[in-house]
Amino acid sequence: MTTALIIGGGIAGPATAMALHKAGIRSVVHEAYDAAADEAGAFVTLMENGLDALRAIDALEPVLDRSFAAAGVDFTSSSGRELGHVPMGDGRPGGATPRTLRRASLYRVLYEEAARRGIDVVHGKRFTGATTTAGGRVVASFADGSTAEGDLLIGADGLRSTTRRVIDPDTPEPRYTGLNTVFGYTRDSTAPASPDGYRMIYGKRSFVGYTTAPDGETWWFVNMPGPELSRAEITGTTSDQWRERLLALFAQDRTPAADLVAATGNTMISSNTYDLPALPVWHNGSMVVIGDAAHAAAHAGQGGSMALEDSVVLAKCLRDIPGIPQALTAYEGLRRERVERVVAMSARMGDDKMPSRLKGALRDAMMPRLLARGRPGTPGWLAGHRIEWQEPVTVS
């Protein structure tokens with residue numbers, strides 16, 4: 001039986017392990033941290049296409065149980081004017097409504113499902129490199145001095161992927177998009193909730209989004225232009241310091257954003273936003289990258305969903321295409337155009353979040369008219385993507 005070494009235990013790692021398990025391929029997930037990757041401060045929305053990928057590997061119901069629906073977005077200008085409503089999905093029959101949950105909750109449910117299926121996850125294994133034996137086997141090395149051997153190595157190790165650099169030492173670095181992000185949670189805000197999902201606010205100096213969970217807690221984020229934050233700034237800036245900075249950003253706005261931040265305690269965390277537009281090399285022999293290690297989109301809300309799609313498509317290719325190198329080539333052929341299209345769309349969305357007086361005036365004037373004409377939400381080619389597990393992968 002083929003054995004896969006999976007590097008990384010975020011979203012793509014355990015999802016790939018489950019997809020491979022369904023395809024009859026054994027795998028072991030190697031996670032750098034001593035416990036499941038957490039990122040407790042952030043939350044994620046899985047779109048219809050990501051939920052469909054979970055359905056393909058029989059992991060949808062546990063995620064639905066840990067999440068809540070996010071069917072649409074209400075947009076607001078910096079003056080508080082309602083600009084209109086956009087559905088988050090494409091509304092195709094049979095599609096699940098997009099769902100929001102904490103990233104940590106998604107990690108936990110994927111780990112629980114992997115464990116229930118008997119999949120091995122090894123913690124404390126920070127990947128440092130790999131070699132290929134004369135017989136074509138891959139030997140992975142870890143920082144603790146240990147090694148592991150398998151038939152292929154799958155890099156699901158995220159934006160700063162070591163696997164990506166092993167496959168191609170000249171690989172490009174992720175690109176900083178010019179926006180910092182701050183997340184927070186509050187139960188004390190009086191900001192009006194969206195009836196079916198998110199409220200997004202185009203502020204004069206920031207972009208704000210928030211949603212309210214069924215238990216009444218409001219989850220929010222702020223995108224704001226600024227220099228790339230150092231690791232020390234990310235870990236060392238307190239919630240009180242962020243509150244002061246954010247309230248200053250909102251001073252010219254007449255929106256609920258200031259109330260959200262003022263009502264938030266010590267739950268704020270920050271990050272930079274990056275993307276990875278076009279990776280020249282995805283695989284080399286018996287090694288391949290997936291998810292954010294291969295493509296990262298900062299603003300489309302599709303990072304988790306794209307990773308889940310990758311997991312299922314890769315498993316199908318390994319199931320159906322004889323020879324690992326040939327299967328990896330088929331996987332890239334099926335995925336590259338789609339994910340690069342998502343990253344390009346995400347970059348345009350990031351540009352739209354950059355504050356501009358002229359851009360804001362045009363948006364405030366045009367958006368209500370466009371939405372009143374029935375402008376669709378998420379493009380059908382994106383959210384409407386479906387993966388049929390039983391459909392065989394063929395190469396021409």
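1. Let's start with helix α4 (residues 103–116): its 14 residues should span 20 Å at 1.5 Å a residue, and its end C-alpha atoms are 20 Å apart, which agrees. The expected span here is 1.5 Å times one less than the number of residues. Helices (H or I, at least four residues) and strands (E, at least two) are DSSP runs, numbered from the N terminus.

2. A word on what you are looking at. This is a predicted model, in which local features need pLDDT of at least 70 and side-chain atom pairs count only at pLDDT 80 or more, while totals for chains, interfaces and linings use all residues. Residues are numbered from 1 along each chain as its sequence is written, and side-chain values use heavy atoms, with hydrogens and water left out.

3. Back to α4, where the buried residues are Ala104, Ser105, Leu106, Tyr107, Val109, Leu110, Tyr111, Glu113 and Ala114. Buried means under 20% relative accessible area, exposed over 50%, and partly exposed in between (1.4 Å probe, protein chains only). The cover over these buried residues includes α1 (12–22), β3 (43–46), α2 (48–56), α3 (60–65), β7 (99–102) and β8 (120–122). Just after the helix, Gly118 has a positive phi of about 80°.

4. Helix α2, part of that cover, holds Leu51. Leu51 counts as buried because its relative accessibility is 1%. Its contacts (heavy atoms within 4.5 Å), leaving aside neighbours within four places in sequence, are Leu46, Leu60, Ala96, Thr97, Pro98 and Arg99. Leu51 and Glu309 are 258 residues apart in sequence, yet 9.2 Å apart in space, C-alpha to C-alpha.

5. The loop between α2 and α3 contains Asp58. Most residues other than glycine have a negative phi, and most peptide bonds are trans. Asp58 is not a glycine, but its phi is positive, at about 60°.

6. Now to α11 (357–372), whose 16 residues reach 23 Å from first C-alpha to last, close to the 22 Å expected at 1.5 Å a residue. There is a kink of about 35° at Met366, shortly before the proline Pro368; the bend is the angle between axes fitted to the seven residues ending at a residue and the seven starting there. Gly360, Arg363, Asp364, Met367, Pro368 and Leu371 are buried in this helix. The buried residues of α11 pack against β5 (72–77), β6 (82–87), β14 (197–202) and α10.

7. How many cavities of 30 Å³ or more are there? The count comes to 1, and the largest cavity holds about 60 Å³ of space. A cavity is a set of points on a 1 Å grid over the protein atoms alone where a 1.4 Å probe fits but cannot get out, and lining residues have an atom within 4 Å of a point. Grid points are joined across faces, edges and corners, and the volume is the space filled by probe spheres set on the points.

8. The lining of the largest cavity includes Tyr202, Phe207, Asp352, Lys359, Gly360 and Arg363. The elements giving two or more residues to this lining are α10 (324–353) and α11, and α11 gives the most, with 3 residues.

9. Finally, Val281 sits in the loop between β17 (269–275) and β18 (283–284). Val281 counts as partly exposed because its relative accessibility is 27%. Not counting residues up to four places away in sequence, Val281 touches Ile167, Asp168 and Arg336.

How values were computed:
On a 1 Å grid over the protein atoms alone, a cavity is a set of points where a 1.4 Å probe fits but cannot get out, and a pocket is an open set with protein on both sides within 12 Å along at least five of seven lines; lining residues have an atom within 4 Å of a point.
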